[in-house]
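Biologist: Please put the model up. I would like to ask what each label rests on.

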Amino acid sequence: MIRFEVIRECPDTRARAGLLHTPHGVIETPVFMPVGTLGSVKGLTQQMLEQELNAGILLANTYHLFLRPGPELVARHGGLHGFMGWPRAILTDSGGFQVFSLSTLRRITDDGVIFRSHLDGDEHRFTPESVMDIQASLGSDIRMVLDECTEYPATHEHARRSMERTLRWAERGLTYAASREPAGAVFPIVQGSMFPDLRRECAGRLVELEAPGYALGGLSVGEPRSVSLEMVEATEDLLPRDRPRYCMGVGTLEELGEYVARGVDMMDCVLPTRNARNGYLFTSQGRLIIKHQTYRDDPRPIDARCACPACARYSRAYLRHLFMSGEILFSVLATCHNLWTYLDRMRRIRQSIISGSLPILLKSLKSQGADDVEQ
């Protein structure tokens with residue numbers, strides 16, 4: 001399964017640097033996981049992810065892979081590792097968030113979720129047990145239990161009902177997964193909407209299940225980002241020190257350090273890849289919107305402080321030309337740059353924990369902010 005060891009803690013924050021041992025390699029934490037929804041990080045080859053970006057773990061999506069090509073086909077090709085030619089670790093979510101987003105196409109019961117495919121309208125059912133079967137067929141190293149992702153805003157009463165269902169599903173999923181071979185490492189998910197008392201209660205009851213790791217879900221559903229951080233703070237001290245903590249679906253580049261400082265070890269987000277394809281590039285000085293006319297004849301790289309392949313070779317003028325022309329190469333280079341920026345930021349954060357300088361780094365990162373690069 002997996003084993004997690006903490007090698008250094010920051011005395012001034014809740015941050016820690018660790019090593020996550022998986023069947024497909026050791027991952028240095030804190031870590032940002034590129035999102036490969038359909039077994040592919042859009043715009044990049046697995047070779048680029050492995051050799052140029054040195055990504056140790058990818059995230060894939062159970063809901064989408066269930067619909068196509070189907071878990072049975074993936075299993076016949078050696079699971080996701082064999083099917084997509086990826087030798088390193090893979091985490092799969094449960095599909096709960098995607099089903100949650102299909103508000104007009106799904107119905108939640110105590111047994112599970114009945115939903116219609118967004119592809120062809122066919123009806124399907126996810127239960128705590130069936131999502132374990134699907135993820136076992138995918139062969140991922142880390143798997144998520146089915147949870148109910150509560151919408152925002154929600155009343156306290158509704159959030160409690162939703163949390164109680166998530167707790168029941170977590171126990172069912174973990175019990176069922178333990179009976180399968182190979183069992184895989186299964187993480188339950190803390191829910192409770194934006195109510196600290198529910199978050200703490202959910203975390204405390206999930207810890208009794210003695211899972212190999214814990215996820216914090218429902219923190220990217222439209223709530224203010226400050227509230228998301230407050231929910232992490234309300235939960236972190238209840239989660240076991242010797243287990244990894246995964247905050248699902250966050251964050252922006254400037255938020256990475258904030259979550260790490262609150263004890264988070266693992267994160268994922270579609271922002272670096274999605275924004276790249278839309279011409280929004282992350283730099284050490286803020287966001288750069290490549291379509292702006294000012295970059296039409298700009299010979300500089302995206303970011304002079306960046307060592308990614310795109311910045312090492314290409315100018316802003318050339319990248320703008322590619323974007324305005326609709327060339328596929330732009331998405332490749334922009335995605336490579338954005339992910340490099342995210343992964344490099346997380347490596348700097350980790351190194352600062354080890355060296356004892358995290359508060360200094362966090363202070364310097366705050367001054368950069370999320371503003372657009374000056375024209």
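**Labels and their grounds**

Modeller: Start with helix H6, where Pro128, Ser130, Val131, Met132, Ile134, Gln135, Ala136 and Leu138 are buried. Helices are DSSP runs of H or I with at least four residues, strands are runs of E with at least two, and both are numbered from the N terminus. This is a predicted model, in which local features need pLDDT of at least 70, side-chain atom pairs count only at pLDDT 80 or more, and totals for chains, interfaces and linings use all residues. Residues are numbered from 1 along each chain as its sequence is written, and side-chain values use heavy atoms, with hydrogens and water left out.

Biologist: How do you know whether Arg16 is buried or exposed?

Modeller: Its relative accessible area is 2%, and the limit for buried is under 20%, so Arg16 is buried. Arg16 sits in strand S2. Its side chain makes a polar contact with the side chain of Asp265, at 2.8 Å.

Biologist: What makes the pair of Arg16 and Asp265 a polar contact?

Modeller: A polar contact is a pair of N or O atoms within 3.5 Å; within protein, one must be able to donate a hydrogen and the other to accept it, and residues adjacent in sequence count only if both atoms are side-chain atoms. The 2.8 Å between the side chains of Arg16 and Asp265 is within that limit, so the label applies. A polar atom of the Arg16 side chain also lies 3.0 Å from the backbone oxygen of Arg241.

Biologist: Which label do Glu151, Asn54 and Glu210 get for accessibility?

Modeller: Glu151, at 32% relative accessibility, counts as partly exposed. Asn54 has 45% and is partly exposed as well. Glu210 has 65%, over the 50% limit, so Glu210 is exposed.

Biologist: Where is Glu151, and which residue's side chain makes a polar contact with its side chain?

Modeller: Glu151 lies in the loop between strand S10 (142–144) and H7. Its side chain makes a polar contact with that of His158, at 3.1 Å.

Biologist: Why are H7 and H8 called roughly parallel?

Modeller: Axes are lines fitted to C-alpha atoms, for helices over the stretch in contact, and angles run from 0 to 180 degrees between N-to-C directions. Angles under 35 degrees count as roughly parallel, over 145 as roughly antiparallel, 65 to 115 as roughly perpendicular, and the rest as oblique. H7 (residues 156–178) and H8 (residues 196–207) pack at about 10°, with their axes 11 Å apart. H7 and H8 are therefore roughly parallel to each other.

Biologist: Which residues of H7 and H8 meet?

Modeller: Contact means heavy atoms within 4.5 Å. His156, Ala159, Arg160, Met163, Glu164, Leu167 and Ala170 in H7 meet Asp197, Leu198, Glu201, Cys202, Arg205 and Leu206 in H8. These divide into 7 nonpolar, 1 polar and 5 charged; Ala, Val, Leu, Ile, Met, Phe, Trp, Tyr, Cys and Pro count as nonpolar, Asp, Glu, Lys and Arg as charged, and the others, Gly among them, as polar.

Biologist: What makes S1 and strand S2 a pair?

Modeller: Two strands pair if DSSP finds at least two bridges between them. S1 and S2 (residues 16–22) are joined by 6 bridges and run antiparallel, so they pair. Arg8 stands opposite Ala17 in S2. The open sheet has 3 strands in the order S1-S2-S3, with antiparallel pairing.

Biologist: Why do S1 and S3 stand at the edges?

Modeller: S1 (3–9) and S3 (25–29) each have a single partner strand, so one side of each is left without a neighbour in the sheet. The twist averages 20° from one strand to the next. Helix H14 (residues 328–355) lies across S1, S2 and S3, at about 115° to S2.

Biologist: In which sense do S5 and S6 pair?

Modeller: S5 and S6 (residues 89–92) pair in the parallel sense over 4 bridges. In S5 (residues 57–60), Ile57 and Leu59 point one way, Leu58 and Ala60 the other, and all are buried.

Technical notes: Buried means under 20% relative accessible area, exposed over 50%, partly exposed in between (1.4 Å probe, protein chains only).
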